[in-house]
Amino acid sequence: MGNDDRDPELKSLEARLNQARQKRLWNDGADDAPSPMGRAFAMGIHLVVGVVVGLMVGVNLDEWLGTTPFLLILFLLLGFGAGIRNVIRDAMRMQNEAMSAEEKVEPAKEADKD
């Protein structure tokens, strides 16, 4: 039996699946990029999580070792520093992506001038 005996709806489904697969291959994940608002929320969350984790570690270590405010302050500052570091890293990544996108647009503008 050949492929001619198959249901026409199945053929249509296969054609649509192949078309979607080709579209995804050519799209190169352009739709997967997070929005600027989502990135801003992620940066805020990184900062807050760093502080909260530092606070929790400091409180627990102070309780366990009996060094009341010292480890709390130390780990709170370390958590804040880690949060700031994550925010700066995200901002640098966003800036690099914007620069590379700008470089991709520049040659197209120059080609239009010719």
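Predicted model: local features only at pLDDT ≥ 70, side-chain atom pairs only at ≥ 80, totals over all residues.
Begin by selecting residues 36-65, which make up helix α2: its 30 residues reach 43 Å from the first C-alpha to the last, close to the 44 Å expected at 1.5 Å a residue. Within α2, colour Met43, Gly50, Gly54, Gly58 and Asp62, which are buried. Then step past the end of the helix to Gly66, which follows α2 and has a positive phi, near 75°.

Next, select helix α3, residues 70-113, and centre the view on Asp90, which lies in it. Asp90 counts as buried because its relative accessible area, 11%, falls under the 20% cut-off. If you leave aside residues up to four places away in sequence, Asp90 touches Met43 and His46; Met43 is one of the buried residues already coloured in α2.

While Asp90 is buried, Arg93 is partly exposed, with a relative accessibility of 44%.

How many salt bridges does the count come to? It comes to two, and the other stop is Glu97, which forms a salt bridge with Arg39, the closest N and O atoms being 2.6 Å apart. This pair links distant parts of the chain, with Glu97 in helix α3 and Arg39 in helix α2, 58 residues apart. Glu97 itself is partly exposed, at 34% relative accessibility.

Note on methods
Residues numbered from 1 in each chain as written. Heavy atoms only, no water. Helix = DSSP H or I, 4+ residues; strand = E, 2+ residues; numbered from the N terminus. Expected span 1.5 Å × (residues − 1). Buried < 20%, exposed > 50% of the residue type's maximum accessible area, 1.4 Å probe, protein only. Contact = heavy atoms within 4.5 Å. Salt bridge = Lys/Arg side-chain N within 4 Å of Asp/Glu carboxyl O.
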